[in-house]
Amino acid sequence: MRLGYPVAKTVLSKFFQKREKTAPARPPLPDSIEAIRQKARLGYHLEQVLWGKTLLDSIYMPSDPQQAIIWFTMAAKAGYGPAHNMLGRCAHFGWGCDKNLQKAAQHYEMAATLGDEWGRYNLGILTMRGIGMPQNLEQALTLFQTAAQNGHAKSMNILARFLEEGWEIPQDRQAALGWYKRSAEGGDYRGQHNYATALAEAGHTEEALKWWGQALPNATSDILLAMNKSLTKLGPDAAPDLYAALQERLKTLPLQTTETDPET
């Protein structure tokens, strides 16, 4: 999507030329990232968000969260939902700005209004936990239901939890299992772990081990600890390679909670 509000291309070019004359020389970027940077400069909203994410966290340059916010703001002013979601993340965790949960919620809400499922999910998390706003499980459920039905894998996992526990919705463990499966197939490591846990409890150990294996590379430590508990219960001999790989990850991964999950 290209710049749709009246900012002249020549103004953007002069701005970046001025910055680059005073900026210290840096090693050339990989072609794929340089292509993102160039399209961002031309006003393409997706690339503006991708370049902002690169500035937040990249092995190719020092982190510059304040510059990332500038790029996110450009795209957000054009009404691009994912940019509002990233501004919400910055305010949520204090990346390049002061931590402001109310401001984060406002950006997440705007992202959701503009159809961004990550924004809908992140707003749902704040609403479910009462972070920066009063807790409202009914509203959170609605957000997760909408995002899940629109194909958002992480929202599918949380919708499954609502169904499993009977939070604000009639308890339906069979439906929960179906949503855990869809979340797992969609690539969410939490959904993969939860689906594996349900499979193991039902006696489908081999299939459970397959899903735990898929969850392992990306899982944060809270999930790894839960996985370790489950695999220990099965016995290390049930899947020795998986168990050994899990122990290695537990040695090196810093503790993380769901609130600091780096995903967007």
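This is a predicted model: local features need pLDDT of at least 70, side-chain atom pairs count only at pLDDT 80 or more; totals for chains, interfaces and linings use all residues.
Me: What is phi of Glu-168 near?

Reply: Most residues other than glycine have a negative phi. Glu-168 is not glycine, and its phi is positive. Phi of Glu-168 is near 60°.

Me: Is Glu-168 buried, partly exposed or exposed?

Reply: Buried means under 20% relative accessible area, exposed means over 50%, and partly exposed is in between (1.4 Å probe, protein chains only). The relative accessibility of Glu-168 is 47%. Because of that value, Glu-168 counts as partly exposed.

Me: How many helices does the chain have?

Reply: The chain has zero strands. Read along the sequence, its pattern is α-α-α-α-α-α-α-α-α-α-α-α-α-α. The number of helices is 14.

Me: What percentage of the residues in the chain are buried?

Reply: The chain has 264 residues. The buried ones among them make up 43%.

Me: What percentage of contacts between residues at least 6 apart in sequence join residues at least 24 apart?

Reply: Contact means heavy atoms within 4.5 Å. Among contacts in the chain between residues at least 6 apart in sequence, the share that joins residues at least 24 apart is 49%.

Me: Which residues form the aromatic cluster?

Reply: Rings of Phe, Tyr and Trp (its six-membered ring) pair if their centres lie within 6.5 Å; planes under 30 degrees apart count as stacked, over 60 as edge-to-face and the rest as tilted. By this rule there are six aromatic pairs. One cluster is formed by Trp-118, Tyr-121, Phe-144, Phe-162 and Trp-167.

Me: How many residues apart are Phe-144 and Phe-162?

Reply: Phe-144 and Phe-162 form a tilted pair, 6.1 Å centre to centre with 55° between the planes. Both residues are buried. Phe-144 is in helix H8 (residues 137-149) and Phe-162 in helix H9 (residues 153-165), so the pair links distant parts of the chain. Their separation is 18 residues.

Me: What is the angle between the planes of Phe-162 and Trp-167?

Reply: Phe-162 is buried at a relative accessible area of 0%, whereas Trp-167 is partly exposed at 30%. These two rings form an edge-to-face pair, 5.4 Å centre to centre. The angle between their planes is 85°.

Me: How far apart are the axes of H2 and H3?

Reply: Axes are lines fitted to C-alpha atoms, for helices over the stretch in contact, and angles run from 0 to 180 degrees between N-to-C directions. Helix H2 (residues 31-41) and helix H3 (residues 45-56) pack at about 125°, which makes H2 oblique to H3, as angles under 35 degrees count as roughly parallel, over 145 as roughly antiparallel, 65 to 115 as roughly perpendicular and the rest as oblique. The axes are separated by 8 Å.

Me: Which residues in H3 does H2 meet?

Reply: Ile-33, Ile-36, Arg-37, Lys-39 and Ala-40 are the H2 side of the contact. Their partners in H3 are Glu-47, Gln-48, Leu-50, Trp-51 and Thr-54.

Me: Are H12 and H13 roughly parallel or roughly antiparallel?

Reply: Helix H12 (residues 205-215) and helix H13 (residues 221-234) have axes 12 Å apart and pack at about 150°. H12 and H13 are therefore roughly antiparallel.

Me: Which residues of H13 make the contact with H12?

Reply: H12 contributes Thr-205, Leu-209, Trp-212 and Ala-215. The residues from H13 are Met-227, Ser-230, Leu-231 and Leu-234.

Me: Which residues does Arg-249 touch?

Reply: Arg-249 is in helix H14 (residues 240-252). Its C-alpha is 9.5 Å from that of Thr-220, 29 residues away in sequence. Not counting residues up to four places away in sequence, Arg-249 touches Leu-216, Pro-217, Asn-218, Ala-219 and Leu-224.

Notes. Residues are numbered from 1 along each chain as its sequence is written. Side-chain values use heavy atoms; hydrogens and water are left out. Helices (H or I, at least four residues) and strands (E, at least two) are DSSP runs, numbered from the N terminus.
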